[in-house]
Amino acid sequence: MISQNLSAAETTGNLLTNSDFENGTAGWTLSDDDVKIDGPYSDAGNSKIIRFRGQDSTISQLVNLTAVEEGKEILGYTISYHGYGCGNDANGHCTQENHDTIVTSITLKNGTGTEVSSNTTAVPYEDGWTYHTITKSINDTFLTGETGITFSLQGIDTGDSSSWLAPITDNYEFAITYQDYVIQQAVEETMVGGLKLSNEVTLDLIKDIQIMP
């Protein structure tokens, strides 16, 4: 294979807008009425937070990539957030070992394909207001300037209650790791005197090969 010189990978800062919700839900899309702004609460950082109900609701944002130079290959991403569960069962709410979960999903889409990368994290009630970080790699090739990225977060109530007993979350951050795009070319092979040579072999080397009848 022939390739361009590979630069060192770089990682952006947080690419999300209004990631602490101090401006309400500006910049965000809420799926329905089962997710809302709430707080502040003393045991959750004394700031506004996102609260979920049930199991299906999400909050999402189209990531702004204008701060990243176009034509870079996206290698992976890092997500972080605070979360606090209140798992429930038939005997009550905020009980131990009935852990709520938070699902983060990153969707990358360009003109030729889509890749969805998801992660599920338990947020036990007994752990309290906890910081979580997830780092994952991207499988396919996606370049900045031609790729749209959607960040989505879902809070799931383990007991699927009709009350507001799903997780509360705050302080979302999303960063990508990228590098120069490596262009790979197919190697053209040639048979010379029974030897298989590629176009990466120099002419001088070919001249030194003695072709036997």
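Reader: Which strand is Asp 38 found in?
Author: In this predicted model, Asp 38 belongs to strand β3, which covers residues 35-38.

Reader: Is Asp 38 buried or exposed?
Author: Asp 38 counts as buried, because its relative accessibility is 18% and the cut-off for buried is under 20%.

Reader: What does its side chain make a polar contact with?
Author: The partner is the side chain of Tyr 41, at 3.1 Å. Leaving aside residues up to four places away in sequence, Asp 38 also touches Ser 47, Lys 48, Ile 49 and Arg 51.

Reader: Changing topic, how many aromatic pairs are there?
Author: The count comes to 8 aromatic pairs. One of them joins Trp 28 and Tyr 172, whose ring centres are 5.6 Å apart; the planes meet at 85°, so this pair is edge-to-face.

Reader: Where in the chain do Trp 28 and Tyr 172 lie?
Author: Trp 28 is in the loop between β1 (10-11) and β2 (29-30), whereas Tyr 172 is in strand β13 (residues 168-180); 144 residues separate them. Both Trp 28 and Tyr 172 are buried.

Reader: And why is the pair of Tyr 77 and Phe 174 called tilted?
Author: Their planes stand at 35°, with ring centres 5.9 Å apart, so the pair counts as tilted. Tyr 77 sits in strand β6 (residues 72-84) and Phe 174 in strand β13, so this pair ties together parts 97 residues apart in sequence. Tyr 77 and Phe 174 are both buried.

Reader: Which residues form the aromatic cluster?
Author: One cluster consists of Phe 21, Trp 28, Tyr 77, Phe 151, Tyr 172 and Phe 174.

Reader: What lies over the face of Trp 164?
Author: Lys 36 does, at 4.2 Å from the ring centre.

Key: Residues are numbered from 1 along each chain as its sequence is written. This is a predicted model: local features need pLDDT of at least 70, side-chain atom pairs count only at pLDDT 80 or more; totals for chains, interfaces and linings use all residues. Side-chain values use heavy atoms; hydrogens and water are left out. Helices (H or I, at least four residues) and strands (E, at least two) are DSSP runs, numbered from the N terminus. Buried means under 20% relative accessible area, exposed over 50%, partly exposed in between (1.4 Å probe, protein chains only). A polar contact is a pair of N or O atoms within 3.5 Å; within protein, one must be able to donate a hydrogen and the other to accept it, and residues adjacent in sequence count only if both atoms are side-chain atoms. Contact means heavy atoms within 4.5 Å. Rings of Phe, Tyr and Trp (its six-membered ring) pair if their centres lie within 6.5 Å; planes under 30 degrees apart count as stacked, over 60 as edge-to-face and the rest as tilted. A charge sits over a ring if NZ of Lys or CZ of Arg is within 6 Å of the ring centre and within 35 degrees of the ring normal.
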